[in-house]
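Student: Could we go through this structure together? I would like to begin with the overall layout and then turn to details.

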Amino acid sequence: MTTRSSGSLKLPPFPPPADVNTRFRRLVNAFIKVQRKEQVRMMQAKRERQRKEKFEEFMRQKEMKKAEMAQRWLKREELDFYRTLMSFGVVANKETGAFDWSKFRVLAKLEKKSSEQLEQYYEEFVNMCQVVCSKSVENRFGKLIGGKFMIEPVSEEKAGRILQRIQLISAIRDDVLPHPELRERLALCQPSIDLPSWWEVAKHDYDLLVGVARHGLNRAEVNFANDPDLNFAKYVQDTHSAATTPTVTTPIAPDKKLPAAAAA
């Protein structure tokens with residue numbers, strides 16, 4: 001508020017230095033206080049962000065370890081895969097090349113393995129056999145596989161048997177069974193002397209091919225007998241009954257010595 005005195009403008013008095021210093025200190029303290037609050041907020045936000053990043057990294061590492069453990073194959077799993085491959089082969093769509101691992105997974109007791117894992121392992125296993133046999137290492141997509149699994153190479157003879165068996169069972173599924181003249185051609189086959197008397201060439205040969213395509217070669221007599229679409233159940237049961245029927249024999253009584261008095 002201004003006042004006029006003696007015709008001149010008179011300004012209000014300037015605050016004393018003590019008040020100015022007090023005001024200055026208050027302004028500085030207020031600024032520092034606000035700045036500290038902002039720094040604390042920023043530090044809390046930073047710590048929260050770091051905590052979140054550490055948690056996300058922990059979860060990523062956990063998932064990577066879990067995936068790595070799932071990719072890792074135990075020795076038992078490798079042996080089960082090999083045995084099933086030799087007895088059952090693989091089921092694949094001839095047109096698209098897509099694999100169906102449902103039956104294979106059950107037979108090999110590899111329920112924990114995904115279809116992708118089984119396919120990758122199969123292709124690397126086959127590639128290993130092809131390399132051992134000095135054949136092409138290109139997979140069905142025409143590309144080289146990087147190799148996610150440490151597959152121990154087998155002998156050339158064993159690798160050749162594996163590839164032949166896979167090709168044989170695949171040919172039965174893809175080429176032989178769908179052939180329109182299959183039954184007529186089977187009827188032209190000659191019986192074999194090592195087959196039982198009840199074996200009918202066209203009938204049981206066809207069932208044999210169907211049984212191998214469905215169940216593989218392992219435990220054939222059990223799997224074929226339990227398949228209601230095949231004609232082996234009666235004969236397998238009769239064979240088992242004959243094999244398990246006990247043989248009844250009459251015991252021979254030991255020789256008895258006569259008493260001395262009677263002998264005289």
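Predicted model: local features only at pLDDT ≥ 70, side-chain atom pairs only at ≥ 80, totals over all residues.

Student: How many helices and strands does the chain have?

Tutor: The chain has 10 helices and four strands. Starting at the N terminus, their order is β-β-α-α-β-β-α-α-α-α-α-α-α-α.

Student: And what share of the residues counts as buried?

Tutor: Of 264 residues, 25% are buried. The accessible surface of the chain is about 20,300 Å², and carbon and sulfur atoms make up 57% of that surface. Among contacts with a separation of 6 or more, 55% join residues 24 or more positions apart.

Student: Which residues touch the most other members in the largest nonpolar core?

Tutor: That core has 25 residues, and those touching the most other members are Phe81, Leu85, Tyr122, Phe125 and Ile162. At least two residues each come from helix 2 (75-88), helix 4 (115-132) and helix 5 (156-176). Helix 4 gives the largest share, with seven residues.

Student: What does Tyr122 touch?

Tutor: Leaving aside residues up to four places away in sequence, Tyr122 touches Phe81, Leu85, Val90, Phe99, Trp101 and Ile166. Another core, of 11 residues, lies apart from the largest one and includes Leu182, Trp199, Leu209 and Val210.

Student: Back to helix 2, then. Which of its residues are buried?

Tutor: They are Glu77, Asp80, Phe81, Tyr82, Thr84, Leu85, Met86, Ser87 and Phe88. Their cover includes strand 3 (91-92), helix 3 (102-107), helix 4, helix 5 and helix 7 (201-215).

Student: How far does helix 2 reach from its first C-alpha to its last?

Tutor: Helix 2 has 14 residues and reaches 20 Å, close to the 20 Å expected at 1.5 Å a residue. Just after this helix, Gly89 adopts a positive phi of about 70 degrees.

Student: Is Lys109 buried or exposed?

Tutor: Lys109 counts as exposed because its relative accessibility is 59%, and the cut-off for exposed is over 50%.

Student: What about Arg219?

Tutor: Arg219 also is not a glycine, and its phi is positive, near 50 degrees. Arg219 sits in the loop between helix 7 and helix 8 (220-225). With a relative accessible area of 54%, Arg219 is exposed.

Notes
Residues numbered from 1 in each chain as written. Heavy atoms only, no water. Buried < 20%, exposed > 50% of the residue type's maximum accessible area, 1.4 Å probe, protein only. Contact = heavy atoms within 4.5 Å. Areas by Shrake-Rupley, 256 points an atom, 1.4 Å probe, with all protein chains shown as cover. Core = buried A, V, L, I, M, F, W, Y, C linked by side-chain atoms within 4.5 Å. Expected span 1.5 Å × (residues − 1).
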